[in-house]
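Here's a quick briefing to read with the model open beside you. Take a look at the fold first, then work through the notes below.

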Amino acid sequence: MAKNDTETQAPPVTAKLSLPTLTTMVVGSMVGAGVFSLPRRFAQETGVAGALIAWAVAGTGMLMLAFVFQNLAVRRPDLDAGVYAYAKAGFGEYLGFFSAFGYWASACVGNVTYWVLIMSTVGTLWPALGEGDTVLAVVLSSAGLWLFFALISRGVKEAAAINRIVTIAKIVPILVFVLLALFYLEPSVFADNFAGADYTGSLFQQVKGTMLATVFVFLGVEGASVYSRHARRREDVGRATVLGFLSVFAIFASVTIVSYGLMPMSEIAELRQPSMAGVLEHAVGTWGKVFVSVGLIVSVLGAYLAWTLMAAEVLFVAAKDDDMPRFLKRSTAADVPVPALVMSTLLSQLFLVVTLFSDDAFNFALDLTSALTLIPFLLAAAFAVRVGVRAELVIAVLATLYTAFLIYAAGLKFVLVSFIVYAPATALFVMARREQGRQLFSPRELVVLASSITGAVLGIVALVLGWISL
């Protein structure tokens, strides 16, 4: 190996992550901005009955996925950066590349939701920010985006400690919200919201409409597998995944259910984001809104740090496996993959600008974030079907069926928009193959390429003709 190649590799990791630290990272990744937006999103789609069914479906399905990551971490300890590595091992380099890119893009678009929510929160005091979707909001968000890039690129040795502190800080206001909502809950309002409203449609439509929102708040359940190369013991990766999921499931469901007991759902559906603030303000007054808003900003900044690092990690590991261009495998002495970090920040910047053209910036970014993860999750679950035995096989099949249902629930709009994001990524794959002097595509890979390009073209045509909108 040449000297320059040695210098571009990440330095040996000496500080390994323990089970409590990995679990905290999973919880910290999942408890983010999304939970503060749940009351409005659910009230726009479903009543209490639909919400209960939706959480039962989402909870069961995501638990199956959590078990999939737990089982694969033990059965295939040779695979790092879980979601991407499982797709590659099961279905080849090109689909593995797409899985890595999709998961990375999802993390970058998810970071956009954080800035939209921050600006929407501050927008209650500074109307020029709107709901995080004005030109001024995008300019200020962009400044924050690159400020974080500058901070992270200098090294984040204290990231694990910061994540523990921030995780505690953001769970406290959520728990206080749930307890206060239970105290002020009005049974008659809760009963009126049980069946839904005129605009919500059938019970099946209500459940279907909430699926992408539940995916969004559970993103991070796979976080421990992404950092598997840093784990002290491989068994801890799977344990942290399941423990992290179980720790937050009840919190997420509670936030939505108790909100139905405070306000008519039609009024919750019209609240500005973060809707938790508006719900608590209705119950206890202005201080409740301020309390939740402060909690949201702490939550968002902590989650942004975690997801920015996770996004860069996926690109970095894929580049080390020669599935991304060589420049993405470079890192600093502080183990920060700066080129991957630059790419992540640039993609987030792009989608910040795209929100200016969206009818609902936050919901668009939330749904797209969820939709982009579905292919990586489906491939990981399908790989578990291939390698599973006995009970593991049953779990893997259930996880695969659940993820397939999520793709159906996402609808044609987000499937086509996802293709628009996925298709151009092939340029990175071609660059990597050329660097290695290899054939660009095998016959099977050409089929995948043609499918992705066709989907992207259909998506662009649908946008231009107004069949779908952002």
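The chain's accessible surface is about 18,200 Å², and carbon and sulfur atoms own 68% of that. Keep in mind that this is a predicted model. Among contacts with a separation of 6 or more, 82% link residues 24 or more positions apart.

**Helix α6**

- Helix α6 covers residues 93-122, and at 1.5 Å a residue its 30 residues should span 44 Å; the end C-alpha atoms sit 44 Å apart, so that agrees.
- The rest of the structure largely encloses α6, because 27 of its 30 residues are buried.

**The nonpolar core**

- The largest nonpolar core has 144 residues, and the members touching the most others are Trp55, Phe101, Trp104 and Met324.
- Helix α6 puts in the largest share of this core, with 18 residues.
- Leaving aside residues up to four places away in sequence, Phe101 touches Met324, Val421, Tyr422, Ala425 and Leu428.

**Aromatic pairs**

- Across the whole structure there are 20 aromatic pairs.
- One of them joins Phe97 and Phe429 in a tilted arrangement, 5.2 Å centre to centre with 55° between the planes.
- Since Phe97 lies in α6 and Phe429 in α19 (residues 426-435), that pair ties together parts 332 residues apart in sequence.
- Both partners are tucked away: Phe97 is buried at a relative accessible area of 0%, and Phe429 is buried at 1%.
- Then there's Phe98 with Tyr422: ring centres 5.5 Å apart and planes at 80°, so this one counts as edge-to-face.
- Here Phe98 comes from α6 and Tyr422 from α18 (residues 391-422), so the pair connects parts 324 residues apart in sequence.
- Phe98 and Tyr422 are buried too.
- Zooming out, ring pairs link Tyr94, Phe97, Phe98, Phe101, Trp104, Tyr422, Phe429 and Phe441 into a cluster.

**Ser120**

- Ser120 also belongs to α6, and at 1% relative accessibility it counts as buried.
- What does the side chain of Ser120 reach at 2.5 Å? That would be the backbone oxygen of Gln273.
- Not counting residues up to four places away in sequence, Ser120 touches Gly130, Glu131, Gly132, Arg272 and Gln273.

Terms used: Residues are numbered from 1 along each chain as its sequence is written. This is a predicted model: local features need pLDDT of at least 70, side-chain atom pairs count only at pLDDT 80 or more; totals for chains, interfaces and linings use all residues. Side-chain values use heavy atoms; hydrogens and water are left out. Helices (H or I, at least four residues) and strands (E, at least two) are DSSP runs, numbered from the N terminus. The expected span of a helix is 1.5 Å times one less than its number of residues. Buried means under 20% relative accessible area, exposed over 50%, partly exposed in between (1.4 Å probe, protein chains only). A polar contact is a pair of N or O atoms within 3.5 Å; within protein, one must be able to donate a hydrogen and the other to accept it, and residues adjacent in sequence count only if both atoms are side-chain atoms. Contact means heavy atoms within 4.5 Å. A nonpolar core is a set of buried Ala, Val, Leu, Ile, Met, Phe, Trp, Tyr and Cys residues joined through side-chain atoms within 4.5 Å. Accessible areas come from the Shrake-Rupley method with a 1.4 Å probe; for residues, only the protein chains shown count as cover. Rings of Phe, Tyr and Trp (its six-membered ring) pair if their centres lie within 6.5 Å; planes under 30 degrees apart count as stacked, over 60 as edge-to-face and the rest as tilted.
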